[in-house]
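Visitor: Please take me through one part of this model at close range. I would like the contacts there first, and then whatever lies around them.

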Number of protein chains: 4
Amino acid sequence: MNPSSPANLRRLPRQLRSRRRVNRILDAAAQLFAEAGFEAATTNAIAERAGISIGSLYQYFPNKAALFRALCERYERESLAALGAVLTPDLARLEIGEVVERVVAALRQSYGTNPGLLRVLFQGHPAQGQCVPHSSFREAMVHQVDGLLELRWPRLAPDRRRLVAEVCVQAADALFDLALKLEREAAHRAMDELKRLLLGYLEPLDREVA
Amino acid sequence: MNPSSPANLRRLPRQLRSRRRVNRILDAAAQLFAEAGFEAATTNAIAERAGISIGSLYQYFPNKAALFRALCERYERESLAALGAVLTPDLARLEIGEVVERVVAALRQSYGTNPGLLRVLFQGHPAQGQCVPHSSFREAMVHQVDGLLELRWPRLAPDRRRLVAEVCVQAADALFDLALKLEREAAHRAMDELKRLLLGYLEPLDREVA
Amino acid sequence: MNPSSPANLRRLPRQLRSRRRVNRILDAAAQLFAEAGFEAATTNAIAERAGISIGSLYQYFPNKAALFRALCERYERESLAALGAVLTPDLARLEIGEVVERVVAALRQSYGTNPGLLRVLFQGHPAQGQCVPHSSFREAMVHQVDGLLELRWPRLAPDRRRLVAEVCVQAADALFDLALKLEREAAHRAMDELKRLLLGYLEPLDREVA
Amino acid sequence: MNPSSPANLRRLPRQLRSRRRVNRILDAAAQLFAEAGFEAATTNAIAERAGISIGSLYQYFPNKAALFRALCERYERESLAALGAVLTPDLARLEIGEVVERVVAALRQSYGTNPGLLRVLFQGHPAQGQCVPHSSFREAMVHQVDGLLELRWPRLAPDRRRLVAEVCVQAADALFDLALKLEREAAHRAMDELKRLLLGYLEPLDREVA
DNA sequence: AATGAATGAGGTTTCATTCAT
DNA sequence: TATGAATGAAACCTCATTCAT
């Protein structure tokens with residue numbers, strides 16, 4: 001229930017007030033990273049948007065990258081919680097369309113708050129001269145979906161399963177990203193297309209493996 | 001056939017030598033944007049990689065953003081040419097699987113040279129505090145695919161057609177992006193999944209509309 | 001017998017507990033100034049090492065410079081006490097070699113605890129844009145040695161005597177500083193050289209004035 | 001004849017104008033480091049005093065420490081050149097007093113320009129969390145003096161010779177430092193004391209070893 | 001037209017000091 | 001009185017852009 005793992009924080013915020021403050025910083029960071037990307041979002045702007053001084057920001061986060069990681073982790077936790085709720089034992093017996101429906105609904109719930117952020121989180125950011133191949137956020141999502149797939153098709157080869165999971169996550173991310181760029185009505189229709197896309201991709205698997 | 005539209009260039013490069021120079025700049029920019037992203041790629045580094053002085057770079061491009069836009073346009077032209085070759089009259093009579101096969105092959109051809117760049121071009125970049133909703137590159141791709149779809153399913157409603165085109169482009173981009181992160185063998189398999197994904201998405205349309 | 005002159009303290013620490021606290025702060029400051037120099041030693045680090053809060057530190061010392069001055073004064077008192085023990089009436093009749101021996105022994109005693117600090121104290125620190133020409137610590141040492149010299153050579157002209165005192169102090173400081181940079185054995189030999197140096201400098205005075 | 005070794009410079013200043021500029025920067029740095037010490041002298045202030053922009057400073061020196069090192073090296077070269085002129089074959093036959101006279105005169109020549117700097121150069125500065133035990137400047141001086149001593153007393157044990165060299169350099173530095181704090185007339189007399197100090201220290205060696 | 005040194009606004013981060021609790 | 005979170009000025013350094021040569 002902490003806003004972040006200790007690794008990214010200078011000090012564990014024990015007081016209620018501190019926890020709120022950390023959350024305000026993360027909210028501001030989420031907005032600005034989403035608006036401008038990792039590089040262009042400045043720590044001063046984040047502090048200002050959070051309504052605190054730059055010094056306070058650096059009391060909680062040792063640097064910009066740590067702030068970014070903490071943000072990833074917060075969204076990771078939220079998304080995984082939402083997906084986890086879908087991962088029920090009856091998953092194996094449901095119609096595949098129903099599964100897709102539930103998963104997409106779960107994701108919409110997590111990304112609904114700030115869909116622009118999804119783009120930035122997925123992208124990751126260049127850490128210490130080395131470009132991160134998979135953001136930890138992405139990795140967590142893929143892992144979760146891999147679990148869902150295993151539950152559904154226990155006999156699917158792990159390699160293939162992993163690839164399918166990657167494709168699903170990547171495609172879902174892409175269409176959420178698309179929806180982000182459309183106005184309300186069109187965004188809604190884009191979600192329908194996402195379901196069609198996943199359904200068309202997974203249905204053959206159902207026939208192939210089950 | 002100019003390397004760029006006039007809007008992004010200071011001066012139309014009429015001389016052969018100038019045109020070559022602009023292309024060298026764009027090549028260098030393509031490499032560096034792909035390696036480091038828009039913000040982290042410095043104009044000085046681009047000029048150096050291009051083997052010219054920073055002053056010369058600014059004689060051709062008024063600023064970094066214009067250089068980026070010119071790069072987008074160049075890749076737009078290249079990709080559209082590749083897609084255009086697929087857009088033949090017999091498209092309407094081909095099996096849908098064959099269409100997908102050809103389109104993916106065409107895209108692989110364009111992106112194969114520098115897949116990392118695709119990421120950056122699609123992403124667009126934050127221009128003057130305003131986030132670009134659709135990169136011009138993306139827009140051009142969607143338009144082209146929209147043309148393909150119209151040729152195939154003339155009776156499909158334009159609105160729906162447009163949305164389907166967007167989904168295809170977005171999904172294809174996403175999976176190329178995925179392939180970029182995998183090693184050779186796995187990347188190859190990812191391309192197979194892309195075909196499966198598009199096929200599963202478009203096949204129902206064939207039955208629905210045709 | 002207060003730990004510091006009133007000028008550097010916010011409040012005279014009357015309670016025993018307060019006096020102990022001030023001493024803990026000065027101990028911590030001595031360590032950190034010696035380790036890192038005046039600028040690099042942070043007040044927060046000093047407070048932490050002293051086991052108190054930064055707020056408490058500022059209740060006793062109005063700012064970092066005052067803390068430094070208080071530290072100088074404490075070491076002044078200690079060193080002067082050590083030197084004072086040498087300043088006995090029989091000084092005039094001792095062999096000069098014996099005097100040097102005693103003085104160096106006295107100094108080793110004061111500086112032995114934290115030789116690194118000597119460097120920092122002697123150096124003084126840039127106060128408000130104005131470089132301190134003589135640190136108060138240095139000044140006190142010179143004054144003390146001047147007294148020793150007067151006792152030994154009452155007929156030496158005061159001007160000359162003062163200069164000789166300055167030279168002795170400066171040279172002694174320099175060789176303590178040198179010793180600080182050498183390992184145990186070499187440091188010990190450096191102290192022998194210090195005695196030779198002072199002896200060679202002062203012996204001619206003995207013949208000249210006495 | 002370069003103002004600095006390549007290691008500390010971003011670009012070798014080939015043009016006359018550039019070389020002058022680098023020297024202006026080093027002059028400004030010498031002043032400010034002398035006035036305020038390494039930490040308190042800001043790169044912006046140095047650039048301003050040099051009459052250039054901060055950007056220009058960083059075109060020549062990659063960071064503050066490199067600027068400091070370049071400064072050390074410049075003074076090293078100057079001092080060593082001055083000392084080198086003393087290192088003549090007839091040194092072995094001269095009276096020891098004459099040798100001291102010459103060496104002190106050589107040093108006065110180098111340090112006369114900016115004696116305050118000597119303090120800072122000798123001190124060195126904390127590089128990368130590790131405190132430099134001997135500044136490279138100091139080391140160079142000691143090495144040079146060691147050479148002088150070898151020429152004079154070839155039969156002196158190398159260990160002892162090295163220690164004597166260290167003592168001479170450290171003591172000379174200390175008295176130059178002292179002179180720095182006195183007004184003209186007194187400073188002059190301090191130099192006389194330096195000669196007396198060195199003479200008293202070295203004369204016994206002459207009797208002992210020769 | 002080409003060069004590349006020069007510029008300086010603005011980025012991240014530190015740390016002396018204050019003040020509400 | 002003690003605490004330590006909050007503050008914000010100011011440090012170092014980068015890099016898009018200009019302009020004298």
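Guide: A backbone N or O atom of G55(B) lies 3.1 Å from a base nitrogen of DNA strand E. That is a polar contact, a pair of N or O atoms within 3.5 Å; within protein, one must be able to donate a hydrogen and the other to accept it, and residues adjacent in sequence count only if both atoms are side-chain atoms. S56(B) uses its side chain: one of its polar atoms lies 2.8 Å from a phosphate oxygen of DNA strand E. From chain A, a backbone N or O atom of T43(A) is placed 2.9 Å from a phosphate oxygen of DNA strand E.

This is a predicted model: local features need pLDDT of at least 70, side-chain atom pairs count only at pLDDT 80 or more, and totals for chains, interfaces and linings use all residues. Residues are numbered from 1 along each chain as its sequence is written, chains are lettered from A and ligands numbered from 1 in the order in which they are written, and side-chain values use heavy atoms, with hydrogens and water left out.

Now the wider surface. There are 35 residues around DNA strand E, and N44(A), Y58(A), T43(C), R11(D) and R21(D) come nearest. A residue is near the strand if one of its heavy atoms lies within 4 Å of it. Helices (H or I, at least four residues) and strands (E, at least two) are DSSP runs, numbered from the N terminus.

Next, chain A as a whole. It has nine helices and zero strands. Of its 210 residues, 54% count as buried. Buried means under 20% relative accessible area, exposed over 50%, partly exposed in between (1.4 Å probe, protein chains only). Among contacts in chain A between residues at least 6 apart in sequence, 68% join residues at least 24 apart. A contact means heavy atoms within 4.5 Å.

Then the aromatic rings. Over all chains, the structure holds twelve aromatic pairs. Rings of Phe, Tyr and Trp (its six-membered ring) pair if their centres lie within 6.5 Å; planes under 30 degrees apart count as stacked, over 60 as edge-to-face and the rest as tilted. F38(A) and F68(A) are edge-to-face, because their ring centres are 5.3 Å apart and their planes stand at 80°. The pair links distant parts of the chain: F38(A) is in helix 1 (residues 16-40), F68(A) in helix 4 (residues 64-86), 30 residues apart. F38(A) is buried at 13% relative accessible area, and F68(A) is buried at 2%. With F33(A), these two form one aromatic cluster.

In chain D, F33(D) and F38(D) have centres 5.5 Å apart and planes at 20°, so this pair is stacked. Both F33(D) and F38(D) are buried. K64(D) lies over the face of F38(D), 4.8 Å from the ring centre. In chain B, the charged end of K64(B) sits over the ring of F38(B), 4.8 Å from its centre. A charge sits over a ring if NZ of Lys or CZ of Arg is within 6 Å of the ring centre and within 35 degrees of the ring normal.
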